[in-house]
Amino acid sequence: MTTLLSVEGVSKAFPGVKALDNVYLELRKGEVHVLLGENGAGKSTLMKILSGVYQADSGAIVYKGKPVQFKTATEALRAGIGIIYQELNLVPHLTVAQNIFIGKEPVKMGFTIDAARMNRDAVEILKRLNADIKPTALVKNIAVSKQQMVEVAKALSYNSDVLIMDEPTSALTEAEIEELFKVIKSLRAQGVGIIYISHRLEEIREIADRVTIFRDGQYVSTDDYGDLTLDEIVKRMVGREMAHKFPPKKHIPTDEVILEVRDVQRRGETEKASFTLHAGEILGVAGLMGAGRTELARAIFGADPKAGGEIFVNGARVTVDSPLDAIQAGIGYLSEDRKAYGLALNMRITDNITMAYLDEVSTRSGRILKHLEKGVSRRFVKSLDIKTPSISQVVKNLSGGNQQKVVIAKWLFRNARVLIFDEPTRGVDVGAKYAIYELMDGLAASGAGIIMISSELPEILGMSDRIMVMSQGRVAAIMNIEGATQEKILHHAAGLL
Amino acid sequence: MANEPLPAGTAMDDESARLLNADLLQKFAALAGLVALLVVFSLIARNFFTVDNLINICRQTTTIALAGIGVTFVIITGGIDLSIGSVLAMSGVVAGMLVKDWEWNVYVAFFAGALSGVFVGFLNGAMVNFLRLPPFIATLGMMMIARGLALLVTNARSIPGLPESFGDIGNGALGTTYRLNARGVEVIGFPGIPHAVILMAVLAVVFYYILSSTKLGRYIYAVGSNEEATRLSGINVVKVKFFAYMICGGFAALSGIVTMSRLVTVQPTAGVAFEMDAIASTVIGGTSLMGGVGGISGTIIGAFIIGVLRNGLNMFGVQGFVQQIIIGAVIILAVSVDQFRNRKK
């Protein structure tokens, strides 16, 4: 197989950080080359260099036998290197075809857009992807998975020989991922070289030809996927042996019911749901996307209005009409989207940790006692091992795992005894995942009750004491961890049982 | 924070030093601009750097600074208030009519005028909170309503013939000294600090403190940084936004009272487009229209930059229209510098 693109000893430094240190990558025609590494390993930096967003400090990039250095993203695109970022870059109010051809619309008579031809060409490209999408549909009206296809189509419209995909599945459901993989395989058959970046080690099995691993900005290895075990990959990514993906359970569920939910419902989203949570217990909540897990959690927390039902905390009935009611009852909620719902990104670590409980660090007249506040945040930065140069660091600049820890610290400081973790490890790298599991285990061991919503079945099976499966807005099953299997959960989740 | 013990496992290294520097730079870039203006004008215009003129500048800057303090609160929550100029006129009309037609005590009338501004702020807050209107639209409507009311009740005529005490805030000064001149006639020595400037300075300090050191202030930043995350942290976001708009309305009204008091006449047509001066001072001072970032000290500096520019250009004999062009360019320059600095980070 011929080499399409090779990265030879590229380095890139930012003020204070060496983001890439002499790294290598070789992409062949018609292969899916998976690039793995924890957050901060330098994957995104390399992608940005390849696509012309950044320029390398040293080293060479050889593309189709010639050394290249792209100065802008457009230059890279024109040369045939397409990139699909983690976040979709589409204009929601334009049509599918308009999005695909944005910036290179076919024109007639020199200046008017040839809409008919654009739509025809769009159909052509979409057909290549086996995607059933109307070119005239508005992007905002189609499903996220289809939007992802439009992104791929956009990249292909430049006749790309190289396609870079940065965590393309993070917003997709299982079925949608299947669709995407079909497309990737067909592109591979057509000779396109694909660089595929992912955190999800399980999913790459299906598509990976070769795997390159980076760690802390340095090149570690390149192998055929078949020659590697999952354990070996993880070991190389984190640089240490991770014999177990989950920490040994230290917590033991008690008989004490810390939370009881009776017939709580969100109109139009979920049916009536009832369940209990014990002190010292982790209750895993599994289900497919759209099963109503987050909706139920938000209703319990008072973030969205309920259509009836009762909530008991430590046996006492509490009225929860707002997040404040829930917080005062000792309930904390960690959203699945911490950037949108969990953190004030422009504010400091300290501000975020004390946000839900400023009363504790201020006088009755409302003056914040800054020395107390700093003490609190220092305590949590230390006990949760939040990696930061200073407690005054703006949260935006932290890695995903450390951001998640800041949200956890917020609820711990608020003395929450019932914690709802909604997708606690989404967008968090392997090493930090383990730390968050340990934290959850420790919290349960100290008597807290945890509801853990997760779409990753290994996580559900690895951490839970009991498992609640939701399907189409209703509680389909509640089972003990003993005897629970992925198959059983999936059956309930799909509504087959 | 330099002398406090550091948490174990973290290094107080270049990073925090760099952050600290960036923060200082942000603050002092505007201040350095102000100092540079002062130096330049002092060098070209001989009468510029005199006690009389500096006090004059302070007086001229007071109204912008007052309105700027108020709108800083709203802008940090991510909102905007376009009704400031109209509230300025309306509050003056309220105070003037209460004094003239109802023979109220001047200070009680001033207080009532300020309250009318707070009330308009309350209405703005209600529209933003409950009707879920974008702040731009809500306050645009209010801009027209308040101006229309002020013109309606006065028939668009000014209210002259107010008692002398009506001019106390705008014209009075503290610590005026007199001396005998060569011919033995008593003349003013030190002109004194104008009452309005003292009022502005005291309020600036108080509201600086509120914004930087109280729960309310922290919540204002939090709402502007991420409203939904703030709500989910159990904070009454509705209340916070009400406070911001009411503070803004109150300051706009105060600014109106100072303006009318200075003229000892109520002008229902005063302050058209004045909100733009207030917003400009805020933005020049580094407050982001996106919300979550900014502060009172920057706004005061921004207000003085505008004040000094106007005064200096006047003294230099620059035509009013040209002044507008220059101030417009300064706003663009100041925010560009900010953007450039942020991008480099």
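**Before the close-ups.** The model you're looking at is predicted.

**Figure 1. Empty spaces inside the model.** Rolling a probe the size of a water molecule over the atoms shows where empty space is left. In this structure, four cavities of 30 Å³ or more turn up. The next views zoom in on two of them.

**Figure 2. The largest cavity, with about 60 Å³ of space.** Have a look at who lines it: Phe275(A), Val285(A), Arg293(A), Leu296(A), Ala297(A), Ile300(A), Ile420(A), Ile451(A), Ile453(A), Met468(A) and Met470(A). Two or more of these residues come from each of α9 (293-301), β20 (449-453) and β21 (466-471) of chain A. With four residues, α9(A) gives the largest share of this lining. Sort the lining by class and you get ten nonpolar residues, one charged and no polar ones.

**Figure 3. The second largest cavity, at about 40 Å³.** Chain A brings Tyr333(A), Leu334(A), Ser335(A), Tyr341(A), Gly342(A), Val407(A), Lys410(A) and Trp411(A) to this lining, while Ala229(B), Leu232(B) and Ser233(B) come from chain B. The elements giving two or more residues are β18 (331-334), α11 (338-342) and α14 (400-413) of chain A, plus α9 (227-232) of chain B.

Figure 4. Which element gives the largest share of the lining of the second largest cavity? That's α14(A), with three residues. Taken by class, the lining of this cavity splits into seven nonpolar, three polar and one charged.

Technical notes:
Residues numbered from 1 in each chain as written. Chains lettered and ligands numbered in written order. Predicted model: local features only at pLDDT ≥ 70, side-chain atom pairs only at ≥ 80, totals over all residues. Heavy atoms only, no water. 1 Å grid on protein atoms, 1.4 Å probe; cavity = no way out; pocket = protein on both sides within 12 Å on 5 of 7 lines; lining within 4 Å. Points joined across faces, edges and corners; volume = space filled by probe spheres on them. Nonpolar A, V, L, I, M, F, W, Y, C, P; charged D, E, K, R; others polar.
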